[in-house]
Amino acid sequence: MQLENLKDATDKVSFSQAVKKGLGKHQGLYFPTDLQPMSNIDGLLDMPLIERSQQILKHLIGDELAPDLVDELISQAFNFDAPLVNVTGNIFSLELFHGPTLAFKDFGGRFMAQTLSNISKGQPITILTATSGDTGAAVAHAFHGIENIDVVILFPKGKISPLQEKLFTTLGGNIHTVAIEGDFDACQQLVKTAFDDPDVRDGLHLNSANSINISRLLAQVCYYFEAISQLPKDKRTQAVFAVPSGNFGNLTAGIIAKTLGLPIKRFIAATNANDTVPRYLVNGKWDPKPTVPTISNAMDVSQPNNWPRIEALVEKGYFDKALLTGESVDEDYTQVAMKQLQALGYITEPHAAIAYRALSRQLHDDEVGIFLGTAHPAKFRETVENVLGQPIALPQALVDCASKASLAGQLGPQYDDLKAYMFETLGNK
Ligand SMILES: *Cc1c(COP(=O)(O)O)cnc(C)c1O
């Protein structure tokens with residue numbers, strides 16, 4: 001697989017290099033130079049999830065990695081299901097939250113961890129990342145116990161839910177967590193400073209493992225195939241996906257799935273009040289406004305960092321932009337949608353509810369709507385209980401870690417303290 005930097009087409013890299021580097025020159029995203037459709041889609045749809053996903057990844061990555069290795073990476077990464085649940089009439093939920101941290105980010109995070117560990121061939125790596133919630137947990141679990149890779153996760157002290165914090169601060173081993181006295185931006189600033197500091201960057205072999213890593217996107221392509229495979233055969237050409245979107249990685253993966261030949265009819269990009277993309281799709285003006293906080297906080301993004309990849313898919317002729325519409329859902333209607341789903345016997349959290357709302361506004365009678373269930377309702381327990389007025393049971397994974405002690409360290413927002421902490425904890429690599 002060859003990829004090019006979307007900001008500098010002369011910067012071309014292999015899949016392994018793109019995974020290791022994350023971003024290219026001038027902060028440019030890497031994107032495949034060529035996407036060929038797959039043959040025999042019907043045959044693929046008849047396969048079980050793991051086997052089919054192995055075929056998809058081998059097709060995308062090509063002969064750069066040994067086929068056996070790709071098979072191994074996928075079976076290690078995808079050790080949970082993605083059931084398609086009929087919610088009402090022609091509307092389905094694709095539940096992507098049955099992995100270890102109860103959110104769809106487990107798919108990409110686990111595949112990235114397996115891939116990075118294999119292609120770095122025992123070279124030591126330090127992952128340094130800041131989190132406001134979900135990503136930290138997915139990264140921590142995905143890399144936990146992987147040899148030669150240490151993970152340092154910074155989070156704003158007291159600003160994420162206690163349960164969410166326990167999901168990644170109780171692991172120990174190669175997962176080092178630090179509560180920073182400051183907000184999320186302060187954590188991100190520390191990460192940026194570290195990447196600009198050659199002592200730390202080169203001395204500890206830093207890697208960001210963040211959401212723009214190409215390996216995550218490729219893994220996410222697979223569950224769009226899984227969704228269609230679970231539809232009755234006569235409905236497979238009528239599917240419309242509503243994707244609850246923040247940084248737009250999820251939607252990018254869906255469009256790549258369509259490019260490979262999966263019969264997806266069209267997409268709806270569903271956002272909360274941070275509606276840069278829905279407005280852009282209507283008036284053609286890219287006009288981000290300041291980010292506003294919402295109850296679907298994993299989508300509180302006004303400058304989505306994967307959007308240039310979607311533009312690239314359009315410009316290179318792989319995707320017709322007319323097949324994408326936007327829908328922005330405000331706080332009131334997010335709650336209305338959660339209650340409507342509750343009345344249908346389906347308990348959900350705000351992110352998926354936004355996508356459901358988008359479908360109920362835009363789906364035609366002869367179409368089949370699939371919204372992506374991106375997180376388990378228990379992950380947003382307080383909000384869900386407040387809106388729905390009923391207690392939410394905790395899944396076993398959360399019960400288990402809620403009873404363990406947090407192992408997180410604590411630091412102020414000064415960079416020198418973080419630097420000292422990292423060399424003390426990780427030694428010289
Ligand atoms: C990250 C996240 C999203 C947004 O996904 P993108 O790929 O960034 O668009 C939606 N819902 C939940 C629960 C998330 O954690």
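In which helix does Ser229 lie? Ser229 lies in helix H10, where helices (H or I, at least four residues) and strands (E, at least two) are DSSP runs numbered from the N terminus. The model is predicted, so local features need pLDDT of at least 70 and side-chain atom pairs count only at pLDDT 80 or more, while totals for chains, interfaces and linings use all residues. Residues are numbered from 1 along each chain as its sequence is written, and side-chain values use heavy atoms, with hydrogens and water left out.

**Helix H10**

- Ser229 counts as buried because its relative accessibility is 15%; buried means under 20% relative accessible area, exposed over 50%, and partly exposed in between (1.4 Å probe, protein chains only).
- The side chain of Ser229 reaches the backbone oxygen of Glu226 at 2.8 Å, which is a polar contact (a pair of N or O atoms within 3.5 Å; within protein, one must be able to donate a hydrogen and the other to accept it, and residues adjacent in sequence count only if both atoms are side-chain atoms).
- Not counting residues up to four places away in sequence, Ser229 touches Leu45, Arg52 and Arg236, a contact being heavy atoms within 4.5 Å.
- Glu226 is also found in helix H10, and it counts as buried because its relative accessibility is 11%.
- With neighbours within four places in sequence left aside, Glu226 is in contact with Leu49, Arg52 and Ala82.

**Nonpolar cores**

- A nonpolar core is a set of buried Ala, Val, Leu, Ile, Met, Phe, Trp, Tyr and Cys residues joined through side-chain atoms within 4.5 Å.
- The largest nonpolar core has 125 residues, and those with the most contacts inside it are Phe15, Phe143, Tyr224, Phe225, Phe241, Phe267 and Phe371.
- Helix H10 (residues 214-229) supplies the largest share of this core, 11 residues.
- Phe241 is in contact with residues that include Tyr224, Ala227, Ile228, Phe267 and Ile370, leaving aside neighbours within four places in sequence.
- A second, separate core of 19 residues includes Ala130, Cys187, Leu411 and Leu418.

**Ligand site**

- The ligand is surrounded by 15 residues, of which the closest are Lys105, Asp134, Gly246, Asn247 and Phe248; a residue is near a molecule if one of its heavy atoms lies within 4 Å of it.
- A polar backbone atom of Asn247 is 2.8 Å from an oxygen atom of the ligand, and a backbone N or O atom of Asn250 lies 2.9 Å from an oxygen atom of the ligand.
- An N or O atom in the side chain of Thr374 is 2.9 Å from a nitrogen atom of the ligand.
- On its own the ligand has 380 Å² of accessible area, of which the protein covers 95%.

- Ser328 is in strand S12 (residues 324-328), and it is partly exposed, with a relative accessible area of 32%.
- Ser328 and Ala273 are 55 residues apart in sequence and 6.0 Å apart in space, C-alpha to C-alpha.
- The side chain of Ser328 reaches the backbone oxygen of Asn272 at 3.2 Å.
- Helix H12 (residues 276-283) has Thr276, Val277, Pro278, Arg279 and Tyr280 as its buried residues, and these pack against strand S11 (264-271), helix H13 (307-315) and S12.
- Gly284 follows H12 and has a positive phi, near 75°.

Key:
Accessible areas come from the Shrake-Rupley method with a 1.4 Å probe; for residues, only the protein chains shown count as cover.
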